[in-house]
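Me: I have some questions about the labels used for this structure. Please set each value against its cut-off.

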Amino acid sequence: PRALAYSGIGALAYSVQALVFATFVTILWPEASASRAAGIYATATLTGAASMIPGGLGVMELTSIALLAGDGMPVPDATAAVVATRAVTLWFAMLLGIGCLATAPLGDRR
């Protein structure tokens, strides 16, 4: 049950991050589709994970920028949206993970 709960919390966290990303993208580029931006975020997240670099740092950002630019978003705006998203969401996810670890059982505590 705990693993399922932690997986749900992780899915919720990534969903919130995708929503934040889509919000930044649509603010900076009103022609953008929020659902397309969320799809780009998901693709970039999976690409970052496949790179085996911790947190997908660099790979995720470059993928996001390339996909947004490929859709027509100006590169400076795409870069701003990606950097802002990483700055805002990375620390939320870190705190969420620390909270989960702090509440996880460490075995027999006699």
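Reply: Start with one definition: buried means under 20% relative accessible area, exposed means over 50%, and partly exposed lies in between. Keep in mind that this is a predicted model.

Me: Why is Val 59 called partly exposed?
Reply: Val 59 has a relative accessible area of 21%. The buried label needs a value under 20%, and the exposed label needs one over 50%.

Me: Where is Val 59, and what is it in contact with?
Reply: Val 59 sits in helix α3. Leaving aside neighbours within four places in sequence, its contacts are Thr 47, Gly 48, Ser 51 and Ile 53. Between Val 59 and Ala 104 there are 30 Å, C-alpha to C-alpha, and 45 residues along the chain.

Me: What makes Met 52 exposed?
Reply: Its relative accessible area is 70%. The cut-off for exposed is over 50%, so Met 52 qualifies. Met 52 belongs to the loop between α2 and α3. Its phi is positive, about 65°, although Met 52 is not a glycine.

Me: How do you know that Ala 18 counts as buried?
Reply: Ala 18 has 13% relative accessibility. Buried means under 20%, so Ala 18 passes. The residue lies in helix α1. Residues up to four places away in sequence aside, Ala 18 touches Ala 38 and Tyr 41.

Me: What does Phe 21 touch?
Reply: Not counting residues up to four places away in sequence, Phe 21 touches Ala 37, Ile 40, Tyr 41, Ser 64, Leu 68, Ala 81, Val 82 and Thr 85. Phe 21 and Ala 37 are 16 residues apart in sequence, and their C-alpha atoms are 7.1 Å apart.

Me: How many aromatic pairs are there?
Reply: The count is 1 aromatic pair.

Me: What makes Phe 21 and Tyr 41 a pair, and why is the pair called tilted?
Reply: Their ring centres are 5.6 Å apart. The rule asks for centres within 6.5 Å, so the rings pair. Their planes stand at 40°. Stacked needs under 30 degrees and edge-to-face needs over 60, so this pair is tilted. The pair links distant parts of the chain: Phe 21 is in helix α1, Tyr 41 is in helix α2, and they are 20 residues apart. Both residues are buried.

Me: What makes a group of residues a nonpolar core, and which residues have the most contacts inside the largest one?
Reply: Members must be buried, of a listed nonpolar type, and joined through side-chain atoms within 4.5 Å. The largest nonpolar core has 17 residues, and those with the most contacts inside it are Phe 21, Val 25, Leu 68 and Met 73. The elements giving two or more residues to this core are α1, α2, α3 and α4. Met 73 touches Val 25, Leu 28, Trp 29, Leu 68, Ala 78 and Ala 81, again without residues up to four places away in sequence.

Me: How do you look for a pocket, and what is the volume of the largest one?
Reply: Rolling a probe the size of a water molecule over the atoms shows where empty space is left. The largest pocket has a volume of about 430 Å³. Of its 23 lining residues, the closest to the centre are Tyr 14, Gln 17, Tyr 41, Gly 55 and Arg 86.

Me: Which elements line the largest pocket?
Reply: α1 (2–28), α2 (34–50), α3 (59–70) and α4 (75–103) each supply at least two residues. The largest share, 9 residues, comes from α4. By class, the lining has 11 nonpolar, 10 polar and 2 charged residues.

Me: What is the overall picture of the protein?
Reply: The protein has 4 helices and 0 strands. Its C-alpha atoms fill a box of roughly 60 × 25 × 20 Å along the principal axes. Of its 110 residues, 27% count as buried.

Conventions: Residues are numbered from 1 along each chain as its sequence is written. This is a predicted model: local features need pLDDT of at least 70, side-chain atom pairs count only at pLDDT 80 or more; totals for chains, interfaces and linings use all residues. Side-chain values use heavy atoms; hydrogens and water are left out. On a 1 Å grid over the protein atoms alone, a cavity is a set of points where a 1.4 Å probe fits but cannot get out, and a pocket is an open set with protein on both sides within 12 Å along at least five of seven lines; lining residues have an atom within 4 Å of a point. Grid points are joined across faces, edges and corners, and a volume is the space filled by probe spheres set on the points. Ala, Val, Leu, Ile, Met, Phe, Trp, Tyr, Cys and Pro count as nonpolar, Asp, Glu, Lys and Arg as charged, and the others, Gly among them, as polar. Rings of Phe, Tyr and Trp (its six-membered ring) pair if their centres lie within 6.5 Å; planes under 30 degrees apart count as stacked, over 60 as edge-to-face and the rest as tilted. Buried means under 20% relative accessible area, exposed over 50%, partly exposed in between (1.4 Å probe, protein chains only). Contact means heavy atoms within 4.5 Å.
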